[in-house]
Amino acid sequence: MSQSDRIAVVLGQGGHTAQTFALVTLLGARFRYLYLIGLLDRLTPKKITVPGRVLPVLPPRLLPTDSRPMAVIRTLVTFLLSVAYFVVFRPIAVVSCGTGLTVPVFYAARLLGTKTVFIESMSRVESLSITGRLLLNKVSLFVVQWPELAKRTPGAVYGGQLL
């Protein structure tokens, strides 16, 4: 394997993660994976079935009582951490299935010219998520999992369902 076969994967919690793991399973072991996971998320790393390096980042909302200024600071820290990770590991692409953690990570990838693939959560049938709205037309490929949503969303392509 060469350095050009690395894919960074942004993992959140819940349904986003299940969809992302389905994608990684489809892509298989021909790639090396960098998993960007929220710092306090202890469960998601245990679900990884295709080996890869786990890199911690700060979710914008770490605790339910977090203030907006703290969310902004954490977002900036995650952006800077992501830049550092991508400079060191040089993934060929960054993929995500919709977690809110994606936004600063994708902006870091975009800054460095790394391709980004955003797959809107399959739970979004009629409208985009907040993360999707923030990233539409700012990623290399924007995929939705429902044909009706693709028709309503210029710039998105229908890619079928992951689950």
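Is Arg-32 buried, partly exposed or exposed, and at what relative accessibility? Arg-32 counts as partly exposed, at 28% relative accessibility, where buried means under 20% relative accessible area, exposed over 50%, and partly exposed in between (1.4 Å probe, protein chains only). The points below place this residue in its setting.

1. Basis of the note. This is a predicted model, in which local features need pLDDT of at least 70 and side-chain atom pairs count only at pLDDT 80 or more, while totals for chains, interfaces and linings use all residues. Residues are numbered from 1 along each chain as its sequence is written, and side-chain values use heavy atoms, with hydrogens and water left out.

2. The sheet. Seven strands make up an open sheet with parallel pairing, in the order S3-S2-S1-S4-S5-S6-S7; its edge strands, each pairing on one side only, are S3 and S7 (157-158). Helices (H or I, at least four residues) and strands (E, at least two) are DSSP runs numbered from the N terminus, and two strands pair if DSSP finds at least two bridges between them.

3. Strand S2 and its neighbours. Six of the seven residues of S2 (residues 32-38) are buried, so this strand is largely enclosed by the rest of the structure. Strand S1 (residues 6-11) runs parallel to S2 and is joined to it by six bridges, with Ile-7 opposite Tyr-33 in S2. From S1 the chain passes through helix H1 (residues 15-27) to S2 in a right-handed β-α-β crossover; right-handed here means that, with the strands pointing away from the viewer, the path from the first strand over the helix to the second runs clockwise. S2 also pairs with strand S3 (residues 52-57) in the parallel sense, over six bridges; Tyr-33 stands opposite Gly-52 in S3, and Gly-38 stands opposite Val-57 in S3.

4. Salt bridges. A search of the whole structure finds two salt bridges, each defined as a side-chain nitrogen of Lys or Arg within 4 Å of a carboxyl oxygen of Asp or Glu. In one of them, the side chains of Arg-32 and Asp-5 meet at 3.1 Å, N to O; this pair links distant parts of the chain, with Arg-32 in strand S2 and Asp-5 in the segment before S1, 27 residues apart. Asp-5 is buried, with a relative accessible area of 8%. Asp-66 and Arg-74 also meet in a salt bridge through their side chains, at 2.5 Å, N to O, and both of these residues are buried.

5. Helices H2 and H3. The axes of H2 (residues 68-89) and H3 (residues 102-111) come within 8 Å and cross at roughly 40°, the axes being lines fitted to C-alpha atoms, for helices over the stretch in contact, with angles from 0 to 180 degrees between N-to-C directions. H2 and H3 are therefore oblique to each other, given that angles under 35 degrees count as roughly parallel, over 145 as roughly antiparallel, 65 to 115 as roughly perpendicular and the rest as oblique.

6. The S5 to S7 side. Strand S5 (residues 115-119) and strand S6 (residues 141-144) run parallel and are joined by three bridges, Val-143 in S6 being the bridge partner of Ile-119. S6 and S7 pair in the parallel sense over two bridges, and here the bridge partner of Val-143 is Val-157 in S7. Right-handed β-α-β units are made by S5, helix H4 (residues 130-135) and S6, and by S6, helix H5 (residues 147-152) and S7.
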